[in-house]
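Subject: Structure handover

Hello,

Here is the structure you asked about. My notes follow below it.

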Amino acid sequence: MLNPVLKAIRDRRSTVNFKSTPVTDENLNAILEAGRWAPSWTNTQPWRFIVVRDEKIKEKMSNAVSTFFKISVKEAPLCIAVCVNPEEDPFHFVEDGTTATQNMALAAQSIGLSTNWIGVFSIRDEKNSTERKVKEILKIPKKWRLISILPVGIPISKQRKKRKDLSELFDLNMFEVREEKAKSVKIEKPLDAIKKTHVPRSARELEPALV
Ligand SMILES: Cc1cc2nc3c(=O)[nH]c(=O)nc-3n(C[C@H](O)[C@H](O)[C@H](O)COP(=O)(O)O)c2cc1C
């Protein structure tokens, strides 16, 4: 079965390289509307979506993002920074920010655009984190948290990452303990080598090994 929603879910892939073609206001509005209609804990809607079109600000953000694919932040004609206010939802503010991010990524996909979810949220809210750096660039108040940056635009090329087989993910009625299969992602540097030296403090530290 493949209706338009399922098709957008299936076809969405992260994009690293974007064309410079601007995103129209109509398309941007459709994407933001999808964020607005995302579910949130007790419908608190604790979010703010900052649309960044300014080239200089995007470049600063790109420099602050230490991820492998930071080029997407600079190259995309616009980025949406998804912020949440934990005072409005102290329990599920992270999930709230992620439902909005995913809704917007799927909306973009459904209208012929592409995105690249950059996860900037720092679980320990560390001083030198990417989250803090980008918050400063965008003048986001201290109490707000930054969940993601979503570069949006027309893709030049898309990655074609695969997924685990459904049979590995699906149990009936109860969790089934089974032998864990080898990771399906390509590991360039064994995770064990990283773990031996210290417990990773952030997702960023693991990223080069998981590309
Ligand atoms: C919570 C979250 C954080 C992510 N953070 C990053 C990131 O910092 N940098 C990046 O290049 N991609 C990031 N991604 C994109 C994933 O790498 C990507 O979705 C995954 O490899 C699957 O590929 P696909 O999106 O093409 O299906 C993130 C995705 C999620 C859901």
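First, a term: a residue is buried if 20 or more other C-beta atoms lie within 10 Å of its own, exposed if 12 or fewer, and partly exposed in between, with C-beta atoms placed from the backbone. By that rule, buried residues make up 28% of the 211 residues in the protein.

This is a predicted model: local features need pLDDT of at least 70, side-chain atom pairs count only at pLDDT 80 or more, and totals for chains, interfaces and linings use all residues. Numbering starts from 1 along each chain as its sequence is written.

**Confidence**

pLDDT is the predictor's confidence in each residue, from 0 to 100. The protein averages 89. At least 70 is reached by 85% of the residues. Residues 190-200 are another matter: pLDDT stays under 50 there. For that stretch the model has eight contacts beyond four places in sequence. Two residues are in contact if their C-beta atoms, placed from the backbone, lie within 7 Å.

**Overall fold**

There are nine helices and seven strands. Both are DSSP runs, numbered from the N terminus: helices are H or I with at least four residues, strands are E with at least two. Take the contacts with a separation of 6 or more: 77% of them join residues 24 or more positions apart.

**The core**

A nonpolar core here is a set of buried Ala, Val, Leu, Ile, Met, Phe, Trp, Tyr and Cys residues joined through C-beta atoms within 7 Å. The largest one has 33 residues. C79, A81, I149 and V152 have the most contacts inside it. Two or more residues come from each of β2 (47-52), α3, β3, α5 (93-110) and β6. β3 gives the most, with seven residues.

I149 shows how these parts meet. Leaving aside neighbours within four places in sequence, I149 is in contact with M61, V73, C79, A81, I118, V120 and V134.

In α3, the buried residues are K58, M61, S62 and A64. Seen down the axis of α3, they fall within an arc of 160°, so they line one face of the helix. The arc is that of the directions from the helix axis to the C-beta atoms. E55 and K56 are exposed, on the face of α3 turned away from the buried side. The cover over the buried residues of α3 includes β2, α4 (71-75), β3, α6 and β6.

Helix α6 covers residues 130-137. T130, E131, K133, V134 and K135 are its buried residues. They pack against α3 (55-64), β3 (78-84) and β6 (145-153). Just after α6, K139 takes a positive phi of about 55°.

**The ligand shell**

Which residues lie around the ligand? They are R13, S14, T67, F68, F69, N116, W117, I118, G119, Q159 and K161. A residue counts as near a molecule or strand if its C-beta atom, placed from the backbone, lies within 6 Å of it. By class, the shell has four nonpolar, five polar and two charged residues. Ala, Val, Leu, Ile, Met, Phe, Trp, Tyr, Cys and Pro count as nonpolar, Asp, Glu, Lys and Arg as charged, and the others, Gly among them, as polar. I118 of this shell is also among the contacts of I149.

F93 is found in helix α5. F93 is buried, because 24 other C-beta atoms lie within 10 Å. Outside four places in sequence, F93 is in contact with P46, V84, P86 and R145. F93 and R145 are 52 residues apart along the chain, yet their C-alpha atoms are separated by 8.6 Å.

F91 lies in the loop between β3 and α5. F91 counts as exposed because it has 11 C-beta neighbours inside 10 Å.

With 19 C-beta neighbours inside 10 Å, T98 counts as partly exposed. T98 and S40 are 58 residues apart in sequence and 9.6 Å apart, C-alpha to C-alpha.

**The loop between α2 and β2**

T42 is found in the loop between α2 (25-36) and β2. Phi of T42 is near 45°, a positive value in a residue other than glycine. T42 has 9 C-beta neighbours inside 10 Å, so T42 counts as exposed.

Q45 is found in the loop between α2 and β2 as well. Its phi is near 50°, again positive in a residue other than glycine. Q45 counts as partly exposed because it has 19 C-beta neighbours inside 10 Å.

Best wishes
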